Amino acid sequence: MIKIYNTLSREKETFIPLKEGQVSMYVCGPTVYNYIHIGNARSTIAFDTIRRYLEYRGYQVNYVSNFTDVDDKIIKAANELGITAPEVADRFIKAFEEDTKALNVQPATSHPRVMDHMEDIRVFIQTLIDKGFAYESNGDVYYRTRKFTDYGQLSDQSIDELEIGASQRTGAEQQQKEDPLDFALWKKAKPGEISWESPWGEGRPGWHIECSVMATKHLGETIDIHGGGQDLEFPHHENEIAQSEAKTGKKFANYWMHNGYVTIGEDDQKMSKSLGNFITVHEMIQEVDPQVLRFFMATTQYRRPIRYSEATMKEAATNLQRLKNTFDNLNFRFENAVEAQSEDERQVTELEQLETRFIKEMDDDFNVANGITVVYELAKWINTYLEQPTVSKTILSKSEALFTQWLSIFGILFTTAEMLDEEIEQLIEERTQARKNRDFSRSDEIRDQLKEKGILLDDTPQGTRWRREA
């Protein structure tokens, strides 16, 4: 039975979906004004991994993740690039899709865009005004925060603590508010900005209202899981709850999930665009195997911070290569395997015991760190089995199915060994013949020559195998 740490209750809860066998899941997507950095990718990968595990456990997942394509940062980028805000959004949505595809992130069931939901946003805001939860002020519309009695519950803050911080803000916008705590639902257009007509004048939506509208429109008034980065807990998700529940009178989301930061440097500083210490995925995957970055991110439990460094990336690459070697070794033995053996039943039982352990670990709030440990144990079990003189296709098929299925949850897909170019194939054949002729000097010379090309050889009872150096 899956347990999820719910930020709202600050404890692990048994996951019970609204509809048996189905999961409605909304994850806040990127603001598309630039390439995503690996801190942004962490959230995308974490929730893609969670989604994949839910599907592995038999759930049908309706996964919605939005694109914020109307924002101050997008307008600024448009002015700097000399193009329109929609053109900026289109450019970086395409970049997001290319980068996340390289990381083997599954597309969401739906990727709604703010610009496509303007009428829904206007209707949502008007409903809040009609219910007394919002008010117009000089072309802006604000939410009456104090009217929502549970405000601050998600982030575990009292209204008095929030008031102290809000009262220190200054500026024209603060003077238009009834209360310093109130936040914008609709922003009056400034000269030259992209805008839309509304009952309150030309303008555009505030950031928080967008997700409330798209989540409820695409998934319903109450959803199973709402996720996002830890930095969205307050004020974004807090405001989403206030808006949505004020409009519908129903609980907005049953489970709130937040992933930890990616940190960098000796002082473990949070990676962010505002601090200028970020590395874009677009740049990184030009130099690093995207599967290594995916593996690095996907194998840390989603609530824990990830410390990014060359050393941690190198460790991930080494571990991934070991798993790839196991995959290659397993496929190599299919060539001379027998159909079945008398001890197959015992070995099937051992594999089933490993599967039970894997599910137990992953059911505990998607504990991928413990889950990948079981994958390593499966790899060790497979390698030990492959050392036997005779192996069974029944066991090879069962172990390969488990191995590839579990790795796919982490977003890792191995394929059978790629073809070597003609020169290297000839060298391997020549070395095989040299060993038959007991010309060990030439055999060693070829091994060294191949090693220089990054090809490592393994001499097994079933023949010589090759693999690429990690």
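Which helix does T248 lie in? T248 sits in helix α8, which covers residues 233–248. The structure here is a predicted model, where local features need pLDDT of at least 70 and side-chain atom pairs count only at pLDDT 80 or more, while totals for chains, interfaces and linings use all residues. Residues are numbered from 1 along each chain as its sequence is written, and side-chain values use heavy atoms, with hydrogens and water left out.

**The overall picture**

- The chain holds 16 helices and 15 strands; helices (H or I, at least four residues) and strands (E, at least two) are DSSP runs, numbered from the N terminus.
- Taken along the principal axes, the C-alpha atoms fill a box of roughly 90 × 50 × 40 Å.
- Of the 470 residues, 50% count as buried (buried is under 20% relative accessible area, exposed is over 50%, partly exposed is in between, with a 1.4 Å probe and protein chains only).
- Among contacts with a separation of 6 or more, 76% come from residues 24 or more positions apart; contact means heavy atoms within 4.5 Å.

**Back to T248**

- T248 is buried, with a relative accessible area of 15%.
- Its side chain reaches the backbone nitrogen of K250 at 3.0 Å.
- Setting aside neighbours within four places in sequence, T248 is in contact with K131 and E221.

**The nonpolar cores**

- The largest nonpolar core has 85 residues, and M25, L54 and F358 touch the most other members. A core like this is a set of buried Ala, Val, Leu, Ile, Met, Phe, Trp, Tyr and Cys residues joined through side-chain atoms within 4.5 Å.
- Helix α13 (residues 368–386) gives the most to this core, with 10 residues.
- There's also a second, separate core of 40 residues, and C28, V64, L162 and I223 are among them.
- Not counting residues up to four places away in sequence, L54 touches several residues, including I2, F15, M25 and F366.

**Helix α2, side by side**

- In α2 (residues 72–81), I74, I75, A77 and A78 are buried.
- These residues cover an arc of only 160 degrees around the axis, so they end up on the same side of α2; the arc is that of the directions from the helix axis to the C-beta atoms.
- The face turned away from that buried side carries the exposed residues K76, N79 and E80.
- What do the buried residues of α2 pack against? They pack against α3 (85–102) and β8 (203–205).
- D71 caps the N-terminal end of α2, with a side-chain oxygen 2.7 Å from the backbone nitrogen of K73.
- Just after α2, G82 takes a positive phi of about 70 degrees.

**A hairpin**

- Strands β14 (residues 455–460) and β15 (residues 463–468) pair in the antiparallel sense over six bridges; two strands pair if DSSP finds at least two bridges between them.
- A hairpin joins β14 to β15 through two residues, and D458 stands opposite R465 in β15.

**What UniProt lists**

- The unreviewed UniProt entry places "coiled-coil region" at residues 313–357 and 417–444. UniProt positions are in the numbering used here, feature names are shortened, and annotations may be inferred rather than shown by experiment.
- Residues 313–357 are 78% helix and 0% strand, with end C-alpha atoms 27 Å apart.

Technical notes
A polar contact is a pair of N or O atoms within 3.5 Å; within protein, one must be able to donate a hydrogen and the other to accept it, and residues adjacent in sequence count only if both atoms are side-chain atoms.
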